[in-house]
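This briefing covers backbone geometry, aromatic contacts and overall build. Please look through the sequence and the model before reading the points below.

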Amino acid sequence: IRRRIEIIKPYTKWIRSFSCTEGNELIPMIAKEYGLQTFVGAWLGDDPETNENEMAGLIKLSNEGYVDLAAVGNEVLYRGDLTEEELLNFIRKAKKEIKGVPIGYVDAYYEFADRPAITDICDVIYANCYPFWEGCSQEYSLLYMKDMYHRAKRAGNGKRVIISETGWPNKGSSLEGAFPSEENALKYFINAQKWSKEEHIEMFYFSSFDEAWKVGSEGDVGAYWGIWDKNEKLKY
């Protein structure tokens with residue numbers, strides 16, 4: 001964790017972590033030593049015991065001052081791991097036990113329009129915006145991402161909206177009109193950063209490092225979303 005934080009620190013002010021167990025709870029603690037701000041998630045799924053441990057970890061880290069933004073679950077509804085009511089109960093628990101940290105839920109941008117009860121309970125909307133996964137060509141991807149963001153913004157009705165993930169792979173299989181390539185990944189990154197800076201859009205870019213283990217769940221393309229490769233070398 002220290003080695004990787006030292007690699008990314010010159011390029012970012014924030015770091016996002018996805019879990020509060022199995023050593024992942026150390027990420028925000030170490031990030032704070034390096035002066036980074038932290039967006040910390042409890043990874044909820046279909047295992048009740050894991051969910052309890054994740055929630056306990058998020059609550060503890062938050063109340064000890066290691067968390068600047070808290071996420072209760074990541075794409076849980078998209079995956080169908082929990083019902084909406086089960087997720088609401090976890091968010092209620094977090095809001096009751098965590099003080100002074102904005103709390104929200106991470107999912108695809110359209111879920112916030114489709115699920116007003118979830119949107120209503122969140123302090124902040126964490127919207128994942130991936131033109132690639134909807135088969136959009138790189139040429140139109142920035143326009144598409146802007147539309148995704150504004151849909152989440154309308155659903156949020158004045159709430160703070162953060163793009164919790166966006167990115168483009170540089171290798172792997174294409175999806176309809178979306179093609180992974182060095183050039184497309186680089187163009188998408190530059191367009192996203194430029195828009196974020198010009199319009200003050202809060203954005204977490206996915207991801208820092210390539211994750212070779214992801215090929216199972218997402219196909220060959222899953223391993224190539226990093227700004228750095230799996231050997232921790234900056235791609236560009």
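Ser-207 sits in the loop that runs between helix H9 (182–199) and helix H10 (215–218). In this predicted model, a cis peptide bond joins Phe-206 to Ser-207, with omega at about 0 degrees. Most peptide bonds are trans, and most residues other than glycine have a negative phi.

**Backbone exceptions**

- His-200 is placed in the loop between H9 and H10.
- Phi of His-200 is positive, near 55 degrees, and the residue is not a glycine.
- His-200 counts as exposed because its relative accessibility is 69%, over the cut-off of 50%.
- Glu-75 is another non-glycine residue with a positive phi, about 55 degrees.
- The loop that holds Glu-75 lies between strand S3 (69–74) and helix H4 (76–79).
- Glu-75 has 18% relative accessibility and therefore counts as buried, the limit being under 20%.

**Aromatic pairs**

- The count of aromatic pairs comes to 19.
- One of them is Tyr-149 with Trp-195: the ring centres are 5.6 Å apart and the planes stand at 85 degrees, so the pair is edge-to-face.
- Tyr-149 belongs to helix H8 (residues 138–156) and Trp-195 to helix H9, so this pair ties together parts 46 residues apart in sequence.
- Both partners are buried, Tyr-149 at 6% relative accessibility and Trp-195 with a relative accessible area of 3%.
- Trp-168 and Tyr-188 have ring centres 5.3 Å apart and planes at 35 degrees, so that pair is tilted.
- Trp-168 comes from the loop between strand S6 (160–165) and H9, while Tyr-188 is in helix H9, so the pair ties together parts 20 residues apart in sequence.
- Trp-168 and Tyr-188 are buried.
- Ring pairs also link a cluster whose members include Trp-168, Tyr-188, Phe-189, Tyr-205 and Phe-206.
- Phe-18, Tyr-130, Phe-132, Trp-133 and Trp-225 are among the other members of that cluster.

**Overall build**

- The chain has ten helices and six strands.
- The C-alpha trace spans about 45 × 40 × 35 Å along its principal axes.
- Of the 236 residues, 48% are buried.
- Taking contacts between residues at least 6 apart in sequence, 62% join residues at least 24 apart.

**Surface and charge**

- The chain carries 29 positive and 38 negative charges, and their mean positions are 6 Å apart.

Note on methods: Residues numbered from 1 in each chain as written. Predicted model: local features only at pLDDT ≥ 70, side-chain atom pairs only at ≥ 80, totals over all residues. Heavy atoms only, no water. Helix = DSSP H or I, 4+ residues; strand = E, 2+ residues; numbered from the N terminus. Buried < 20%, exposed > 50% of the residue type's maximum accessible area, 1.4 Å probe, protein only. Contact = heavy atoms within 4.5 Å. Lys, Arg positive; Asp, Glu negative; His and termini not counted. Charge placed at Lys NZ, Arg CZ, Asp CG, Glu CD. Phe/Tyr/Trp six-rings, centres within 6.5 Å; stacked < 30°, edge-to-face > 60°.
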